[in-house]
Amino acid sequence: MTKTIQGIAASEGIAIAKAFRLENPELTVKKQSIADFEQELLRFDKAVAKSGVELEAIKEHARKELGEDKADIFAAHLLVLSDPELINPIKNKIQNEQVNAEFALNEVTLMFVSMFESMDNDYMKERAADIRDVTKRVLAHLLGVTIPNPSLIDEEVVIIAEDLTPSDTAQLNRQYVKGFTTNIGGRTSHSAIMARSMEIPAVVGAKTVLSDIENGKLVIVDGLDGQVIVDPNEDVIKTYEEKKKTYEAQKAEWAKLVNEKTVSADDYHVELAANIGTPEDVKSVLKNGSEGVGLYRTEFLYMGRDTLPTEEEQFEAYKTVLECMEGKPVVVRTLDIGGDKELPYLDLPKEMNPFLGFRAIRLCLKMQEMFRTQLRALLRASVYGNLKIMFPMIATLDELRQAKVILFEEKEKLQTKGTEVSDNIEIGMMVEIPSSAVNADLFAKEVDFFSIGTNDLIQYTLAADRMNERVSYLYQPYNPAILRLVKMVIDAAHKEGKWAGMCGEMAGDEIAIPILLGLGLDEFSMSATSILKARSQIRHLSKVEMKQHIETILSMSTAEEVVSFVKSHF
Ligand code: PEP
Ligand code: MG
């Protein structure tokens, strides 16, 4: 029977396809005595053999679809699987202690993993991660459960999951994954942001999708209204096919503005830029007529792999983006790891409050070799386009100053060596922590630009976790507190003759756009897929008229009042 589940619309569009559940199986191990160890060894050998066949298939698939370096990860896993130093102790344990294979495997794995992890050596730490991955696969075979493998999907599907990490999302194959829906998450969780840049319709925070949807069931993901329809009948399918067509037609209308400048009805220009996560995303940036890249989230270069990217790899990525953008501004944000963006291979201790913890610029100022490598790659790439460098999560002037000193030191070292570096790199910062918004007048003297990160600014100002749907009612972009902070930042920038942009999701929000235009925001950076819609909206708005309404809007007491005012006036 058809069932509708309400969630949060996270990425526009309609997807109709079969469900593919991406669910980690239960892998709990119990100790058991066994009577026939030979039989148990045979069972273990079979599980190892099956895992080998599976890994070979994944490796070949990765080679074709994702390239040599991703395939190498699985080649390394195959080596672990055939390593007698791991396999023999497991077999000895089964034989000598007469215990079940699952238990022996688990014990030996834990021993090796903790040994490698305690070594102060990155290579060994990576081996620990490999061993954990490979043995999990063997364990799944022993327990008779399956580990789902999204990289092997070869038909059109909708992914159903509890949650998707940003690196899970990055590995989704756009050809076959037509949409996704998750039990948890909000509009500004990074998997939602990535879905928008990948143009994959998505509904998040849908609470019961995993319990309500079986593998293979037909599912509609309505990323426009945030609904998931399970087992739709013919009539429902027809309705959604129509809705999809209407949406595509609307998109085609907006597409006519692809080569137009973004000007308001009274002829003021604002810049519409795009947020990207990988050089791959630039295709969509150009297709959607963006006037620049307002935020390149470089942390995605560091994710979905087992080691830090080298300076050369980073240089190539930054150079590609700068060259493809042909002189248009490209704001590259330095590594912003932390919060929901984890890097397991850095082996950082788990924290109680990761969004408030050791992350982003805090981590970079401590792990300076990693930071300096990134800065060198950026400085070297700067001659290939219009680069602007931006530091994330700046809370104090001292952090900004330290980051700038390190950047200038690396620039000087490169120049002394005779490496060419552009002399026109603007240096800016994200304003996403309330302290930096309140002190914007002080910061404005020491940067070339601000980019307001409302995704975090909202969660820190209202103390409402951006990933937690239970407090999503407090996550209020239009709360007067946020609008007042945004005004302070824009005014402070302008007073010093600097520009102010916004790269949080609020910049592409149709209720926020008229207000931001009136506040004098210079650059709006958003998911590439929102640009043409925003351009069309701004062309119908008068900036002067919006400015006249600002005082009224900022004196309102609630977000609801702001929303109803904007809706009734524009
Ligand atoms: C923000 O916080 O608004 C932002 C753009 O950065 P991120 O979403 O990557 O935290
Ligand atoms: Mg942020």
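Helix α18, which spans residues 454-461, contains D456; helices here are DSSP runs (H or I, at least four residues), numbered from the N terminus. This is a predicted model, in which local features need pLDDT of at least 70, side-chain atom pairs count only at pLDDT 80 or more, and totals for chains, interfaces and linings use all residues. Residues are numbered from 1 along each chain as its sequence is written, chains are lettered from A and ligands numbered from 1 in the order in which they are written, and side-chain values use heavy atoms, with hydrogens and water left out.

Is D456 buried or exposed? D456 is buried, with a relative accessible area of 3%; buried means under 20% (1.4 Å probe, protein chains only). Leaving aside residues up to four places away in sequence, D456 touches F355, R359, M393, E432 and R466, where contact means heavy atoms within 4.5 Å. With R466 there is a side-chain to side-chain polar contact at 2.8 Å, that is, a pair of N or O atoms within 3.5 Å, one able to donate a hydrogen and the other to accept it, with residues adjacent in sequence counting only if both atoms are side-chain atoms.

I turn to the domains. The assignment, automatic or from a database, gives domain 1 (3-23 + 149-253), domain 2 (37-143) and domain 3 (268-569). Four residues of domain 1 and five residues of domain 2 form the contact between those two. Between domain 1 and domain 2, zero residue pairs are in polar contact (both at pLDDT 80 or more).

Notes:
Helix = DSSP H or I, 4+ residues; strand = E, 2+ residues; numbered from the N terminus. Buried < 20%, exposed > 50% of the residue type's maximum accessible area, 1.4 Å probe, protein only.
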